[in-house]
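Open the model in your viewer and keep the selection panel at hand. We will go stop by stop, with a selection for each.

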Amino acid sequence: MTRTRRQAPRPVELLELVKFKKPELNGKRRRLDAALTIADLRTIAKRRTPRAAFDYTDGAAEGELSLARARQAFADVEFHPDVLRPAVDVDTSVQVLGGPSALPFGIAPTGFTRLMQTEGESAGAGAAAAAGIPFTLSTLGTTTIEDVKAANPHGRNWFQLYVMRDRSISYGLVERAAAAGFDTLHFTVDTPIAGARLRDKRNGFSIPPQLTAGTVLNAAVRPWWWWDFLTTPKLEFASLSSTGGTVAEMLDWAMDPTISYEDLDVVRGMWPGKLVVKGVQSVVDAARLFDAGVDGIVLSNHGGRQLDRAPVPFHLLPAVRKEVGDDACVMVDTGIMNGADVVAACALGASFSLIGRAYLYGLMAGGREGVDRAIEILRTEIVRTMRLLGVSSIAELEPRHVTQLHRLLPRD
């Protein structure tokens, strides 16, 4: 039996094997560097944000089944890599709606964004500019059209439109977005009424926030949030502030069950750029809208925040792509929490994806730097997944690379 030869430890050899990392003294940077996934950013965001604001972002309608199913759909993806296909240099760029994007996803429209963290849409637009991806501003955004343009002066800005009960308000927003150089309008069709967001009701959530004993207690351990909230401009629907309505009135006006194809035609006639319909949830409607001349659609159930038990957009994707053809711009959102989700969507025919909560978790975790971190996490995951699949560009992704494993099969 051979005995292991031993010797006294040699510090020089130890130093060759171990390098001591320089400590990061900046607390925010240290938190964000430690976040390796969007789920990690969500954990930080939950710790740093009052419950009502966090739940408004994190929650969905009723039993939150639509959101859970959307995330499960991406988890139930099986990839099929090509071996011996080197993908050393990976190109993640795409062309979408007549322009470039450095990544196959952009930032989705979100309302009340400064409630989550006071940098709000300006942080999102600035991060999008730095990453070379589009940023979408909501009608119910808390930063003006013009200020978003200032935060992303040379990048691609998109505007999400609610057709309000007072049509003149919506038409004025269309004109302002066009004047500011926004290149794409998202005509939203899945909000005839507000969904039942039960977390908000249980939290006593309101816009603007109202102080109760519960909110004060919950916020007591998060003084930084209240300091930011109370020492920055008041929370309001920034692009609507000149209309004279209260916040409650604006919410009521934004939900209109009477919108129709006639409204789509009117807005199409006003808008000089690309027109996208957001909130499509069936193959039939997708085909009908392209026949009506729209430039693109977003398969979306509004992040699960409207109709619970709605179709899963990712499940709809292959059938919609088959129906409308290869050249139509078909985008997808809802449930995306990993760059691999974006890759799977591209493989099954998505022209582009939009991220909402993933970006907001980063915003709540660290403001602009947190949004940068969220985008970087997704970018890293996209590149790694493509390399493991043996794919060097988004265009090389094909349906054969992905199988959707179904838990929920229709009964005959």
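**Stop 1: the largest pocket**

This is a predicted model. Start with helix H18, which gives the largest share of the lining of the largest pocket, 3 residues. The volume of this pocket is about 880 Å³. Now select Tyr56, Phe112, Arg197, His302 and Arg305. Of the 40 lining residues, these are the closest to the pocket centre.

**Stop 2**

Move on to the second largest pocket, with about 440 Å³ of space. Select Arg321, Cys346, Gly349, Ala350 and Ser351. They are the closest to the centre among the 19 residues that line this pocket.

Which elements give two or more residues to the lining here? Show strand S2 (94–96), helix H16 (313–324) and helix H17 (339–347). H16 provides the largest share, 3 residues. By class, the lining of the second largest pocket has 11 nonpolar, 3 polar and 5 charged residues.

**Stop 3: H3 against H18**

The axes of H3 and H18 come within 10 Å and cross at roughly 175°. The two helices are therefore roughly antiparallel to each other, as angles over 145 degrees count as such.

Show the side chains at the contact. From H3, select Ile38, Leu41, Arg42, Ile44, Ala45 and Arg48. From H18, select Ala358, Tyr361, Gly362, Met364, Ala365, Gly370, Arg373, Ala374, Ile377 and Leu378, which meet those H3 residues. How do the residues of this contact divide by class? There are 11 nonpolar, 2 polar and 3 charged.

**Stop 4**

For one of them, select Asp183 and Arg156. Their side chains meet in a salt bridge, at 3.1 Å from N to O.

Asp183 sits in the loop between helix H9 (167–179) and strand S7 (184–188). Arg156 sits in the loop between helix H8 (145–151) and strand S6 (157–161). The pair therefore ties together parts that are 27 residues apart in sequence.

Definitions and conventions. Residues numbered from 1 in each chain as written. Predicted model: local features only at pLDDT ≥ 70, side-chain atom pairs only at ≥ 80, totals over all residues. Heavy atoms only, no water. 1 Å grid on protein atoms, 1.4 Å probe; cavity = no way out; pocket = protein on both sides within 12 Å on 5 of 7 lines; lining within 4 Å. Points joined across faces, edges and corners; volume = space filled by probe spheres on them. Helix = DSSP H or I, 4+ residues; strand = E, 2+ residues; numbered from the N terminus. Nonpolar A, V, L, I, M, F, W, Y, C, P; charged D, E, K, R; others polar. Axes fitted to C-alpha atoms, helices over the stretch in contact; angles between N-to-C directions. Parallel < 35°, antiparallel > 145°, perpendicular 65-115°, else oblique. Contact = heavy atoms within 4.5 Å. Salt bridge = Lys/Arg side-chain N within 4 Å of Asp/Glu carboxyl O.
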